Amino acid sequence: MAYMYGGQLLKIDLDSGKIEKEPTSNYQDLWLGGRGFNARILYEEIKKGLDPLDPDNVLMFSIGPFTGTLVPGAGRVEVAAKSPATGIQGMSNMGGYWGPEFKYAGYDSLIITGRANRPVYITINNDRVEIRDADGIWGLDTYRTQDAIRKELGDPDAEVLCIGPAGENLIAYASVQTRVGNAAGRTGMGTVMGSKNLKAIAVRGTKGVAVADSDRFLKLCLGALESQKPLLGMAKTTDLGDNDPPSWASTLGNYEATEWVEQKNLKGGHMPFWEKHKNPQGDGITGCFNCQVRCMDYYNLNGYGPLVASCTIYGGPTWLLKNSDMKTWYAIASKCQRQGIDTQSVSRMIAWAMELYEQRVITSNDTDGIHLTWGNGEAILLLIDKIVKQEGFGKILAGNVRDAGKKLGKDIEEPLNIKGVPLGVTNVMNFRARTMGALINPRGADEYRGRMGTFDNLGSGSGAGHMTGMASPDSWEGKTAQKIADTAMAAKKNAGGDALIGQMDCESRGELAALGQKLITVSDSLGQCKWNTIFLNLGVSIEFQAKALSAGTGKETRIEDLLEAAARISAQERAFAAREGFTREQDTLPGKLINSQIPGTWPEDKVTVEDLEKMKDDYYRAMGWNLKTGIPTVDLLQSLKLDDVASDFQDMGISEKK
Amino acid sequence: MANVIVIDTEKCSGCKMCEVACSLINTKECNPERSRIRVVTSQKNGQLQFVPSTCMQCETPMCELVCPAGAIGSDPATGAKIINDKKCIGCSACSYACPFGAIYVDRKLGRAVVCNQCEGDPICVKVCPSGALQYVSHDQVNITLRRLGSKRVLMARDMTEEITEPHLEIISENREPC
């Protein structure tokens with residue numbers, strides 16, 4: 001019996017309509033699940049140089065062994081395809097209820113190839129899989145799409161993933177949405193789905209997940225839930241600070257926002273607004289499957305319809321666009337979710353246009369007569385409509401971030417982006433852990449896949465040299481991180497320098513980022529939400545993950561085994577990028593952010609190119625990748641049982657022994 | 001006289017943790033389909049509604065009365081229903097009779113199952129993160145329900161005020177027209 005797994009990979013070819021199933025056991029030992037399955041299968045199935053919008057691109061939805069179980073935060077789905085934004089493997093992780101339902105139907109990965117010749121949607125009901133006509137559904141927003149499919153299937157319990165009009169119209173940063181406000185927003189996964197003429201995937205399953213040692217598994221999960229309870233406030237990020245977007249902006253150290261907050265001296269906002277407009281269901285709070293963090297606010301604003309908001313959706317439409325009106329924020333956020341747009345990307349694109357407009361580099365002649373002044377809510381909403389329709393000035397902002405400047409026909413610096421994905425809402429420059437995370441994030445965009453969250457914040461001033469107050473020092477993660485910092489501090493002292501390492505120093509950053517990247521890969525592959533782990537100081541450590549996986553599968557798994565799988569998955573993702581011609585040169589940040597003084601409340605320092613290169617050296621060394629090229633060495637690939645990748649590298653002439 | 005799991009539907013955020021924990025402890029697998037408590041979910045245009053549903057410990061248990069095999073009895077300590085596996089024929093008469101559909105035939109086992117209150121310490125109540133479930137002794141049930149009722153009255157008043165609020169335009173003042 002396939003303990004903890006659905007047991008099958010589901011392959012659907014939209015060209016031929018062929019539906020195939022393959023046992024998961026071919027992949028589970030080496031690749032864990034979720035992100036691991038995606039990395040391996042995309043590498044196997046996609047040919048070098050493929051246009052991401054070509055029918056041959058492979059779109060994957062994978063879940064992990066924890067998905068659908070009692071593990072805290074077990075509702076995640078990892079989405080991947082070759083990204084139209086980056087040209088390498090795109091990846092985005094979403095919560096909600098679709099993943100568990102997919103597991104209960106008996107599957108671990110959905111692998112979609114081809115392009116349907118007319119709009120279709122897929123329905124999965126346990127063993128029955130069908131491709132259906134989506135004629136009456138194409139064009140509907142993401143909330144209505146889900147309703148229409150549930151109605152058509154006559155099944156109110158079907159869980160639906162879908163794209164909105166933005167994905168249908170192939171805007172570069174279209175999202176995949178489920179329920180209200182659960183989105184795989186980054187790297188254009190909704191765009192790839194739209195290019196396949198695939199509107200939605202509905203799933204219903206009743207098979208459940210078998211657990212090998214259910215007593216031990218239950219005990220471990222109850223213990224983990226209990227250990228989270230005193231810490232839950234940490235993850236309800238929308239309640240932090242003074243409960244308003246400007247103060248979160250300042251907490252996140254966003255340099256654009258801190259300037260704006262100072263100018264406007266804004267106070268108050270979110271909490272009174274939420275109190276006034278919260279949805280009665282769930283007391284205005286909601287979350288994902290089997291999660292007690294419940295990090296999302298649930299509103300129902302009269303005349304606007306319901307909206308579920310996690311912390312990141314607050315940032316783009318407020319501080320990036322210098323908008324301080326909560327109703328305008330609501331209208332923008334709601335529009336993005338219904339139309340299926342990544343809020344962070346669209347906010348970054350519009351912020352770029354607004355800055356150019358305010359500097360008079362562009363005028364209303366360029367913007368179809370829209371007055372793009374900072375915070376102009378009406379203009380923002382109008383522009384989003386134009387973006388979704390790929391119309392006029394909207395068409396320029398709807399495309400790839402790297403082409404936006406060129407399309408305006410002027411010598412203009414491109415919108416802030418990392419590896420082709422518009423930069424997120426946090427300031428990645430305000431301490432080195434974030435800088436490093438953003439630098440090496442395999443999907444670009446932000447720092448969330450390249451750092452350890454609470455465990456890489458070395459303190460400042462007299463607290464330097466120790467993990468900050470947010471970290472749990474007794475956890476495996478805390479101790480391991482401290483050991484890395486201690487070793488670096490000893491080396492620094494031996495070299496005659498100041499022994500302490502603070503959060504603005506570069507030493508030990510590379511090694512800590514390598515560890516952080518592996519820990520996140522473990523969570524993304526097991527199917528657990530990072531917000532439920534040590535990443536956000538929420539009790540659940542890799543020690544728990546190893547024990548719960550052992551109890552669940554009946555096969556003992558150690559922490560080292562999980563880290564080895566993560567190293568393999570990272571090497572595999574990197575191999576995909578290397579095959580596309582990616583080297584260490586592409587691990588970089590927007591020129592505007594390097595070597596520049598950052599205004600705001602956080603330490604005013606700068607990161608030089610030399611700093612970045614030194615941290616990258618340390619990171620590649622810790623990952624076992626070649627320093628010159630930034631790609632995994634043959635020695636590493638062979639030790640990770642990736643001999644086929646090693647031999648591909650040899651054929652391509654990019655093979656490095658050490 | 002029975003203890004009761006009292007449900008505050010408005011607090012429920014639909015996470016299904018009760019279903020996962022219940023199925024794990026009772027069936028050794030994680031499977032909401034086999035959970036003795038279910039969160040009935042409805043979604044319309046972004047409006048989510050969750051109604052947890054389990055055995056309400058009826059004073060006149062219809063399930064017991066209609067059972068053709070005489071398979072249903074009660075635990076003397078908690079009042080929870082007990083189903084005699086040897087007698088149950090899996091006919092679903094109890095499911096049809098139950099006002100809540102809370103007793104049902106587990107198709108894997110081929111016999112009826114219902115909430116057994118985990119021997120006086122229901123795991124659904126223990127894990128519920130939103131406070132939507134309370135385990136209440138028989139003499140506290142009525143006042144608990146009254147408290148929930150009065151809360152609904154107050155909330156309805158709040159909502160009436162909300163509806164009378166004028167619809168505000170999203171456009172802020174001092175803006176150039178587009």
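**View 1. Strand E1(A) pairs with strand E6 (residues 107-113) of chain A in the parallel sense over 6 bridges.** A:Gln8 stands opposite A:Tyr107 in E6(A). The model is predicted: local features need pLDDT of at least 70, side-chain atom pairs count only at pLDDT 80 or more, and totals for chains, interfaces and linings use all residues, while side-chain values use heavy atoms, with hydrogens and water left out. Residues are numbered from 1 along each chain as its sequence is written, chains are lettered from A and ligands numbered from 1 in the order in which they are written. Helices (H or I, at least four residues) and strands (E, at least two) are DSSP runs, numbered from the N terminus. Two strands pair if DSSP finds at least two bridges between them.

**View 2. The hairpin of E1(A) and E2(A) has 4 residues between the strands.** Strand E1 (residues 8-13) and strand E2 (residues 18-23) of chain A run antiparallel, joined by 6 bridges. A:Ile12 has A:Ile19 of E2(A) as its bridge partner. A:Gly17 takes a positive phi near 80 degrees.

**View 3. An open sheet of 3 strands has the order E14-E15-E16 in chain A.** The pairing is antiparallel. Strand E14 (285-286) and strand E16 (305-309) are the edge strands, each pairing on one side only. E14(A) joins strand E15 (residues 296-301) of chain A over 2 bridges. A:Thr286 has its bridge partner, A:Met296, in E15(A). H12(A) packs on the sheet and touches E15 and E16 of chain A. Contact means heavy atoms within 4.5 Å. The direction of H12(A) makes about 85 degrees with that of E16(A).

**View 4. Helix H11 (residues 311-320) packs against helix H12 (residues 326-339) in chain A.** The angle is about 120 degrees, and the axes lie 9 Å apart. Axes are lines fitted to C-alpha atoms, for helices over the stretch in contact; angles run from 0 to 180 degrees between N-to-C directions. H11(A) and H12(A) are therefore oblique to each other. Angles under 35 degrees count as roughly parallel, over 145 as roughly antiparallel, 65 to 115 as roughly perpendicular and the rest as oblique. From H11(A), the contact uses A:Ile313, A:Tyr314, A:Pro317 and A:Thr318; from H12(A), A:Met326, A:Trp329, A:Ile332, A:Ala333 and A:Gln337. By class, this contact has 7 nonpolar, 2 polar and no charged residues. Ala, Val, Leu, Ile, Met, Phe, Trp, Tyr, Cys and Pro count as nonpolar, Asp, Glu, Lys and Arg as charged, and the others, Gly among them, as polar.

**View 5. H12(A) also meets helix H14 (residues 377-388) of chain A, with axes that come within 10 Å.** The axes cross at roughly 10 degrees. H12(A) and H14(A) are therefore roughly parallel to each other. H12(A) contributes A:Thr328, A:Ala331, A:Ile332, A:Lys335, A:Cys336 and A:Gln339 to the contact. H14(A) contributes A:Gly377, A:Ile380, A:Leu381, A:Ile384, A:Asp385 and A:Val388. The residues of this contact divide into 7 nonpolar, 3 polar and 2 charged.

**View 6. A:Gln89 is found in strand E5 (residues 89-94) of chain A.** A:Gln89 is buried, with a relative accessible area of 3%. Buried means under 20% relative accessible area, exposed over 50%, partly exposed in between (1.4 Å probe, protein chains only). Leaving aside neighbours within four places in sequence, A:Gln89 has contacts that include A:Asn38, A:Leu42, A:Pro442, A:Glu573 and A:Phe576.
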